[in-house]
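Morning, everyone. Please have a look at the chain on the screen while I talk you through it.

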Amino acid sequence: MAVDGQLVARTVGELRATMPRASDLLVGLQRVVEATRTVVGVDGTGLTLAHEDGRPRWVAVSDAAMELLEQVQHDFGEGPCLAAYVEDRVVAVQDLRSELVWDRLAAVVGQLQVRGVLSVPVRLADQPVGTLDVYASQPRAWTPTEVEALGALAVVTAELVSTGVELANREVEVAQLRRALVSRVWIEQAKGVLAATQGTDPDDAFQQLRKRARSSSRKVADLAQEVVQAAQRERVAAVAIDDARVRAAEARARAAEQALQAAQTGLAQRTAALDRAQDDADTRERAADERNHLADERERAADERNHLADERERAADEPE
């Protein structure tokens, strides 16, 4: 699918014009992810940002497959998105299944049809702070135009991050930016998790976080991180359970199909045997009919001879 340059420019302009307030950072990041999916024409999109340990984790994804792709890379400590971040370069993978260096990763996400992967760094102050990533469900040779489009959206993402954490001074060190970003992202994500699981609104969810943090003498961001990571583990476990159920169902279907094929084969063999037995019976019946016909012919000939003998005997008995 060719990328429309005018669509890229228009989307970038719209995103810049509607950058949210700092309190709406997660909403803005999710908007970038969804716009990227549409503009580049891919099956899924995700955004990672570096956390306090210096490693990127996902903060916004378009679907469960991308979430699993981002999460598994973090768990394994390898993958195209991590390579793009660590090496500060574009990483384009035409088919993840053929990349033997990431065979563990391919084995996990292959069940969700993640094949082509493209990752570009999100940079601030000339340093990577995360990656903007896309995937295709089929092998894909990424074009320079697609790379450029994703790079342009990564620039917008960096601007949104900078705006979102309200850093007026662009000279602030990246490490300080990361700390501010991490706290806000964890809190925003935790608010969303609590709002979704408890059926409350984001403001009430934030008040719950503050109350729990105060009662345990902890930072709100630390508690928020635990809430989000617990939710992530539950989602990954749910995906694994669903995959196991799908595999079990597929195995049962294959077993049923094999049993049906065996039954059909047995039925065909029995039908053939019955046909052969019927043919043999028909042959024997025809042979018996032939024998009966010959016997009838012999009986008629004998009757004819007897009749002729009787005629000669009567003729001999008559006086001359």
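How much space lies in the largest pocket? About 220 Å³. Keep in mind that this is a predicted model.

Let's stay with that pocket. Its lining has 14 residues. Trp 58, Gln 189, Gly 192, Val 193 and Arg 235 lie nearest the centre. H7 gives the most, with 6 residues.

Now step back to the whole chain. There are 9 helices and 5 strands. Starting at the N terminus, the order reads α-α-β-β-α-α-β-α-β-β-α-α-α-α. The chain has 320 residues, and 39% of them count as buried. Take the contacts with a separation of 6 or more: 59% of them link residues 24 or more positions apart.

Next, the sheet. It is open, has 5 strands, and pairs antiparallel in the order S2-S1-S5-S4-S3. At the edges sit S2 and strand S3 (91–93), each pairing on one side only. Ignoring direction, neighbouring strands are turned by 20 degrees against each other on average.

What holds paired strands together? As a rule, strands of a sheet pair through backbone hydrogen bonds, parallel or antiparallel.

Let's walk across. S1 and S2 run antiparallel and are joined by 5 bridges. Leu 49, for example, has Arg 57 in S2 as its bridge partner. Helix H3, residues 64–76, packs on the sheet and touches S1, S2, S4 and S5. Its direction makes about 175 degrees with that of S2. Helix H4, residues 80–87, packs on the sheet too, touching S1, S2, S3, S4 and S5. The direction of H4 makes about 155 degrees with that of S5.

Moving on, S1 joins S5 through 6 bridges, again antiparallel. Gly 44 stands opposite Tyr 135 in S5. Then S4 pairs with S5 over 9 bridges, in the antiparallel sense. Here Leu 124 stands opposite Gln 127 in S5. These two strands, S4 and S5, form a hairpin with 2 residues between them. In the turn, Ala 125 has a positive phi of about 50 degrees.

Why is S5 described as largely enclosed by the rest of the structure? Because 9 of its 10 residues are buried.

The largest nonpolar core has 28 residues. Leu 29, Leu 47, Leu 49, Val 122, Leu 132 and Leu 150 have the most contacts inside it. Which elements each supply at least two residues of this core? Helix H2 (25–40), S1 (44–50), S2 (56–61), S4 (116–124), S5 (127–136), helix H6 (144–164) and helix H7 (174–198). A second, separate core has 19 residues, including Val 72, Ala 84, Val 109 and Val 117.

Zoom in on Val 122. Leave aside neighbours within four places in sequence. Its contacts then include Leu 47, Leu 132, Ala 154 and Ala 158.

Last stop: Arg 115. You'll find this residue in the loop between helix H5 (103–109) and S4. Is Arg 115 buried or exposed? Its relative accessibility is 13%, so Arg 115 counts as buried. The cut-off for buried is under 20%. Beyond neighbours within four places in sequence, Arg 115 is in contact with residues including Val 93, Asp 95, Arg 97, Ala 136 and Pro 139.

Notes. Residues numbered from 1 in each chain as written. Predicted model: local features only at pLDDT ≥ 70, side-chain atom pairs only at ≥ 80, totals over all residues. Heavy atoms only, no water. Core = buried A, V, L, I, M, F, W, Y, C linked by side-chain atoms within 4.5 Å. Buried < 20%, exposed > 50% of the residue type's maximum accessible area, 1.4 Å probe, protein only. Helix = DSSP H or I, 4+ residues; strand = E, 2+ residues; numbered from the N terminus. Contact = heavy atoms within 4.5 Å. Pairing = 2+ DSSP bridges. Axes fitted to C-alpha atoms, helices over the stretch in contact; angles between N-to-C directions. 1 Å grid on protein atoms, 1.4 Å probe; cavity = no way out; pocket = protein on both sides within 12 Å on 5 of 7 lines; lining within 4 Å. Points joined across faces, edges and corners; volume = space filled by probe spheres on them.
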